[in-house]
Amino acid sequence: MAFPIMMKLSIFTLLILGMFASQTSSRVIIKPLTMFEKHEQWMAKYNRVYKNIEERVMRFKIFRDNVEFIEAFNEAGTRPYILGINAFADQTNEEFRASRNGLKVPSLSQERVSKITSFRYENLSVVPSSMDWRKKGAVTPVKDQGQCGSCWAFSAIGATEGINQLSTGKLISLSEQEIVDCDKTSQDQGCGGGYMEDAFEFITKNKGIASESTYPYQATDGTCNKKEESSHAAKISGYEKVPMNDENALLKAVANQPISVSIDAGGMAFQFYSSGVFTGDCGTDLDHGVTAVGYGKSGDGTKYWLVKNSWGTSWGEEGYIRMERGVSAKEGLCGIAMDSSYPIVG
Ligand SMILES: *[C@@H]1O[C@H](CO)[C@@H](O)[C@H](O)[C@H]1NC(C)=O
């Protein structure tokens, strides 16, 4: 019963309470931030400093366009995933792609075709209904390639860390920088881009790969450190390719170990993906190497691939993306079934 208590309150107390209430209610009315304020807050959050007013104005305009795109997308609410104003919000999609997507898929030459071996998981008839290699201890924490087109090295290292853990029981973070600096196989060019299969070939020929702590990541092209290159924390004996354009073959592979996959990560929706099951838009212009570390089905029954990216933990679901699985196109969503490979041991 509030009324009798109210009676005991003096006029003065009521006055004070009234002031407090009006203060509280004025605090409830949140004035929407102007775009300028949003940019300022974003700059503070991501420690962004621009060198002069011209750059700031230029970046503000890009930020504004991106935020408008993200907000309109989320307000429409027509997709099972949402976008976020992440660390890449002041970069155009063109700049973003140029600085982070360094996958170079070579044409399938005679020499390449001759290297295609049998697919060891082809006769597998039963796979678990879901898989998450993180829960099996075969996945290291999400890394960040920085402004360097070394995605392909991260993809290959992710798969190598996986098979190494599965065969030795030890999860060791391995060196992308060694791949960036030392691997000159075929078209591999460090931050200038490369291909996962060639990275596996490099690790095989080098008879191993250094640990992350021995040969740490610098996000820039460097000279190959021969001493660190000769330190081997893990080794593989070769690699195999997953049959192309076949999500079922990819499923058999991912059921057995983390797999290097190639995707088209070129769109703005991918740049700003925040959470949910990604259903596009994307094409099949493969430009990014990532690691498939599992698969499953979301609450609403959408089947997905669990994919580890190398853009830090502020992107996506703590650095991961769930991408729709079992689409009608044989290439898979964003071409995920087009070009996959994995290292083998023993
Ligand atoms: C799968 O089975 C076929 C038919 O028995 C066999 O020829 C092939 O070698 C098997 N593949 C693998 C990778 O074991």
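UniProt positions are given here in the numbering of this structure, feature names are shortened, and annotations may be inferred rather than shown by experiment. The model is predicted: local features need pLDDT of at least 70, side-chain atom pairs count only at pLDDT 80 or more, and totals for chains, interfaces and linings use all residues. Residues are numbered from 1 along each chain as its sequence is written, and side-chain values use heavy atoms, with hydrogens and water left out.

**Annotated domains**

- Helices (H or I, at least four residues) and strands (E, at least two) are DSSP runs, numbered from the N terminus.
- Residues 127–344 are 23% helix and 19% strand, and the end C-alpha atoms of this span lie 19 Å apart.
- The unreviewed UniProt entry also lists "domain: Cathepsin propeptide inhibitor", at residues 39–96.
- Over residues 39–96 the chain is 60% helix and 5% strand, with 18 Å between the end C-alpha atoms.

**The ligand and its surroundings**

- Phe-119, Arg-120, Glu-122 and Asn-123 are the residues around the ligand, each with a heavy atom within 4 Å of the ligand.
- The protein buries 34% of the 360 Å² that the ligand exposes when taken alone (Shrake-Rupley method, 1.4 Å probe).
- By class, this shell holds two charged residues, one polar and one nonpolar; Asp, Glu, Lys and Arg count as charged, Ala, Val, Leu, Ile, Met, Phe, Trp, Tyr, Cys and Pro as nonpolar, and the others, Gly among them, as polar.
- An N or O atom in the side chain of Glu-122 is 3.0 Å from a nitrogen atom of the ligand.
- From an oxygen atom of the ligand to a polar side-chain atom of Asn-123 the distance is 2.3 Å.

**Gly-158**

- Gly-158 sits in helix H7, which spans residues 151–168.
- Gly-158 counts as buried because its relative accessibility is 9% (buried is under 20%, exposed over 50%, partly exposed in between; 1.4 Å probe, protein chains only).
- Beyond its neighbours within four places in sequence, Gly-158 is in contact with Pro-258 and Thr-291 (heavy atoms within 4.5 Å).
- Val-139 is 19 residues from Gly-158 along the chain, and their C-alpha atoms are separated by 7.1 Å.

**Glu-201**

- Helix H9, residues 196–205, contains Glu-201.
- Glu-201 has a relative accessible area of 15%, so Glu-201 is buried.
- Not counting residues up to four places away in sequence, Glu-201 touches Lys-115, Thr-185 and Tyr-239.

Conventions:
A polar contact is a pair of N or O atoms within 3.5 Å; within protein, one must be able to donate a hydrogen and the other to accept it, and residues adjacent in sequence count only if both atoms are side-chain atoms.
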